[in-house]
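Welcome, and please open the model in your viewer. We will go from stop to stop, with something to select at each one.

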Amino acid sequence: MASIAVCPGSFDPITYGHLDIIKRGAKVFDELYIVVLNNTSKKPLFSVQERLNLIKAVTKDIPNVKVDEFHGLLVDYAKSVDADAIIRGLRAVSDFEYEMQITSMNRVLDENIETFFVMTNNQYSFLSSSIVKEVARYNGKISELVPPIVEDALHEKFDHL
């Protein structure tokens with residue numbers, strides 16, 4: 001039986017930190033679903049479709065990665081693709097408390113789906129989509145933070161605001 005994992009996030013936009021977690025997860029699992037969840041508590045810069053397109057573009061060379069979207073509970077999505085694992089990236093200890101709460105709730109919803117925490121590479125430990133958007137908004141250098149296609153998309157967004 002194939003090992004299948006889900007890597008959820010808002011990915012607004014996808015960064016090199018996200019890609020670090022995705023590439024490492026893709027080495028461990030036979031299939032890895034990158035799932036754009038629509039977080040109603042956040043106001044995204046990019047539409048869900050734009051985020052899906054960017055993720056597909058930057059993961060096209062990772063053959064076992066699939067990109068999808070989902071509205072609802074992550075556990076329900078994981079069950080729908082027969083995933084037995086969720087991958088969550090951690091940047092710092094401060095991420096752990098929130099992630100532990102989410103993981104505990106997911107475990108209540110379905111105890112058969114395991115969550116794996118992956119520490120991001122140290123060079124990305126400060127990196128968040130929010131920081132990238134803030135720097136891009138003021139034409140700061142983001143080429144070391146996001147792939148070129150994402151950098152172009154950010155500049156295009158902010159040039160039209």
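Helices (H or I, at least four residues) and strands (E, at least two) are DSSP runs, numbered from the N terminus. Residues are numbered from 1 along each chain as its sequence is written, and side-chain values use heavy atoms, with hydrogens and water left out. This is a predicted model: local features need pLDDT of at least 70, side-chain atom pairs count only at pLDDT 80 or more, and totals for chains, interfaces and linings use all residues.

**Stop 1**

Select P13, in the loop between β1 (4–9) and α1 (16–28). The peptide bond that leads from D12 to P13 is cis, with omega near 0°. Now pick F11, which belongs to the loop between β1 and α1. F11 is not a glycine, yet its phi is positive, at about 50°. Most residues other than glycine have a negative phi, and most peptide bonds are trans. Is F11 buried or exposed? Its relative accessibility is 4%, so F11 counts as buried (buried means under 20% relative accessible area, exposed over 50%, partly exposed in between, with a 1.4 Å probe and protein chains only).

**Stop 2: the sheet**

Next, show the strands. In what order do the strands of the open sheet lie? The 5 strands follow the order β3-β2-β1-β4-β5, with parallel pairing (two strands pair if DSSP finds at least two bridges between them). At the edges stand β3 (65–70) and β5 (114–119); each has a single partner strand, so one side of each is left without a neighbour in the sheet. Neighbouring strands of this sheet are turned against each other by 30° on average, direction ignored. Axes here are lines fitted to C-alpha atoms, for helices over the stretch in contact, and angles run from 0 to 180 degrees between N-to-C directions.

Zoom in on β2 (residues 31–37), which runs parallel to β3 and is joined to β3 by 6 bridges. Select V36 to find E69 of β3 opposite.

**Stop 3: a residue in α4**

Select N106 in helix α4 (residues 93–109). N106 is buried, its relative accessible area being 11%. Which residues does N106 contact, leaving aside its neighbours within four places in sequence? They are L74, V75 and I86 (contact means heavy atoms within 4.5 Å).

**Stop 4**

Colour S129, V132, K133 and A136, the buried residues of α5. They cover an arc of only 100° around the axis, which puts them on the same side of α5; the arc is that of the directions from the helix axis to the C-beta atoms. These buried residues of α5 pack against α1 and α6.

Move on to N139, in the loop between α5 (129–137) and α6 (148–159). Just after α5, N139 takes a positive phi of about 60°. With a relative accessible area of 57%, N139 is exposed.

**Stop 5: α6**

Finish with α6, where V150, E151, A153, L154 and F158 are buried. They cover an arc of only 165° around the axis, which puts them on the same side of α6. The buried residues of α6 pack against α2 and α5. Turn the view to the face away from the buried side of α6, and you will find the exposed residues P148, D152, E156 and D159.
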